[in-house]
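The structure is shown first, and the description follows.

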Amino acid sequence: SKNFTGLKTSRFSMHMVRGLSGVASLYLMFGALIFIPMGDVAAITFTRPLLASVCAILFLGEASRGHRWTAVIFGLIGAYIIVRPGVSPISWGQILAIICVLAMVINSMAIKSLTRTDSADTIVVWQMIVFTTVSIGPALYVWVTPTLEQLGLLMLMGFAGTLTQRAMTRAYKAADATIVLPFEYTRLPFAAFMGLVLFSEFPDMWVWIGGTIIFAATVYMAHKERQEGRAEGEN
């Protein structure tokens with residue numbers, strides 16, 4: 001039936017990897033937000049593009065270039081400054097956020113791999129199927145009927161999440177991961193601002209320093225990628 005053509009895929013196992021890693025990252029992120037401010041979580045997840053670049057080299061066959069490794073090293077330095085192990089106690093929120101990043105990286109690699117064979121809408125549809133199937137049981141177990149205000153917020157989250165996934169998947173379809181991923185860094189100022197306005201939270205100085213280093217490392221990597229892309233185009 002034409003109504004179900006969007007579900008056709010020859011890569012069911014990869015859709016499962018994409019869906020399960022996405023579910024895991026959401027659960028871990030919500031868990032991290034219980035313990036640490038929104039801005040801190042956003043800053044730690046800044047390491048995702050850098051780690052994803054390494055995985056793209058190792059698992060997707062992308063070119064191994066010196067500037068990518070330079071960006072990864074400085075990005076990890078930034079992450080170290082944010083978490084500061086041995087200087088301040090590592091909280092459960094930081095641990096959950098770091099594991100969340102690993103799940104996000106797996107998710108990014110799965111999406112990029114799937115865009116080579118499947119349409120963006122097919123990828124998003126299968127994600128929703130996996131998300132719903134995996135989450136319905138735990139949701140029913142702890143179910144509390146939401147108020148109208150909570151229902152409105154849940155609907156807003158659902159709409160924003162679906163829009164995000166469609167836009168991100170189409171972006172991966174149109175460009176390399178190293179071009180798409182750096183745009184995630186706009187989340188830090190937005191997350192910090194919303195955390196301050198809504199919850200009176202604000203990241204400390206070390207979060208901003210570490211986040212700035214990670215941001216600069218990724219901007220440097222993206223700049224070098226564009227330079228090499230232009231050079232290859234001229235040749």
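## Packing of α5 against α7

In this predicted model, helices α5 and α7 pack with their axes 9 Å apart and at an angle of about 60°. Angles of 65 to 115 degrees would count as roughly perpendicular; the value found here makes α5 oblique to α7. The contact involves S108, I111 and K112 on the α5 side, and M168, T169 and Y172 on the α7 side. The crossing of α5 past α7 is right-handed.

Buried residues of α1 are H15, R18, G19, S21, G22, V23, S25, L28, G31 and A32. Their cover includes α5 (92-114) and α7 (148-174), together with α2 (38-44) and α6 (120-141).

## The aromatic pair

One aromatic pair is present in the structure. It is formed by F12 and W126, whose ring centres lie 5.5 Å apart; because the ring planes meet at 80°, the pair is edge-to-face. Since F12 belongs to helix α1 and W126 to helix α6, the pair ties together parts that are 114 residues apart in sequence.

The two partners can also be described by their accessibility. F12 has a relative accessible area of 46% and is therefore partly exposed. W126, at 15% relative accessibility, counts as buried, because the cut-off for that class is under 20%.

Key
Residues are numbered from 1 along each chain as its sequence is written. This is a predicted model: local features need pLDDT of at least 70, side-chain atom pairs count only at pLDDT 80 or more; totals for chains, interfaces and linings use all residues. Side-chain values use heavy atoms; hydrogens and water are left out. Buried means under 20% relative accessible area, exposed over 50%, partly exposed in between (1.4 Å probe, protein chains only). Helices (H or I, at least four residues) and strands (E, at least two) are DSSP runs, numbered from the N terminus. Contact means heavy atoms within 4.5 Å. Rings of Phe, Tyr and Trp (its six-membered ring) pair if their centres lie within 6.5 Å; planes under 30 degrees apart count as stacked, over 60 as edge-to-face and the rest as tilted. Axes are lines fitted to C-alpha atoms, for helices over the stretch in contact, and angles run from 0 to 180 degrees between N-to-C directions. Angles under 35 degrees count as roughly parallel, over 145 as roughly antiparallel, 65 to 115 as roughly perpendicular and the rest as oblique. A crossing is left-handed if the near helix is turned anticlockwise from the far one by less than a right angle, and right-handed if clockwise.
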